[in-house]
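These are my notebook entries on one structure. I set down what I looked up, entry by entry.

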Amino acid sequence: MSFSPTTHRLLTASQLGQLLASTRKRHKITQATVGTRVGLSQNRISYLESHPDEISVKQLLSWCSALELELQLGERDTSATSDSAEW
């Protein structure tokens, strides 16, 4: 079965936490395993999945590597009308 990569547009820290947890579960990786790969305890991984605004950039990059995620940043397309608040 072929895996087709998907891209997720994240606008909030909460969305980041949900993505990290759902990707971990989809890959059938435990919080303890992610913690070992990232250098954190299982309890800290559990906490950070619920409080992703506290994840450091270093931790996020390690976490992405552990889950085979790729972090991309780019400018937002502002040509479409949007009701979302400015940063």
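Does E68 count as buried or exposed? I found E68 exposed, at 69% relative accessibility; buried means under 20% relative accessible area, exposed over 50%, and partly exposed in between, with a 1.4 Å probe and protein chains only.

Basis. I note that this is a predicted model, in which local features need pLDDT of at least 70, side-chain atom pairs count only at pLDDT 80 or more, and totals for chains, interfaces and linings use all residues. Residues are numbered from 1 along each chain as its sequence is written, and side-chain values use heavy atoms, with hydrogens and water left out.

Entry on positive phi. I looked up the backbone of E68, which has a positive phi of about 60° although it is not a glycine. E68 sits in the segment after α4; helices are DSSP runs (H or I, at least four residues), numbered from the N terminus. I then turned to K28, also not a glycine, with a positive phi near 55°. K28 belongs to the loop between α1 and α2 and counts as exposed at 76% relative accessibility. For background, most residues other than glycine have a negative phi.

Entry on α3. I listed the buried residues of α3 (residues 42-50) as I45, L48 and E49. Seen down the axis, these buried residues fall within an arc of 105°, so they line one face of α3; the arc is that of the directions from the helix axis to the C-beta atoms. On the other side of α3, I found N43 and S50 exposed. The cover over the buried residues of α3 includes α1 (13-26), α2 (31-38) and α4 (57-66).

Entry on α2 and α3. I recorded a packing angle of about 100° between α2 and α3, with their axes 8 Å apart. Axes are lines fitted to C-alpha atoms, for helices over the stretch in contact, and angles run from 0 to 180 degrees between N-to-C directions. That makes α2 roughly perpendicular to α3 (65 to 115 degrees). Q31, A32, V34 and G35 of α2 meet Q42, I45, S46 and E49 of α3, contact being heavy atoms within 4.5 Å.

Entry on the core. I found 13 residues in the largest nonpolar core, a set of buried Ala, Val, Leu, Ile, Met, Phe, Trp, Tyr and Cys residues joined through side-chain atoms within 4.5 Å. α1, α2, α3 and α4 each supply at least two residues of this core, and α4 gives the most, with 4 residues.

Note on methods
Angles under 35 degrees count as roughly parallel, over 145 as roughly antiparallel, 65 to 115 as roughly perpendicular and the rest as oblique.
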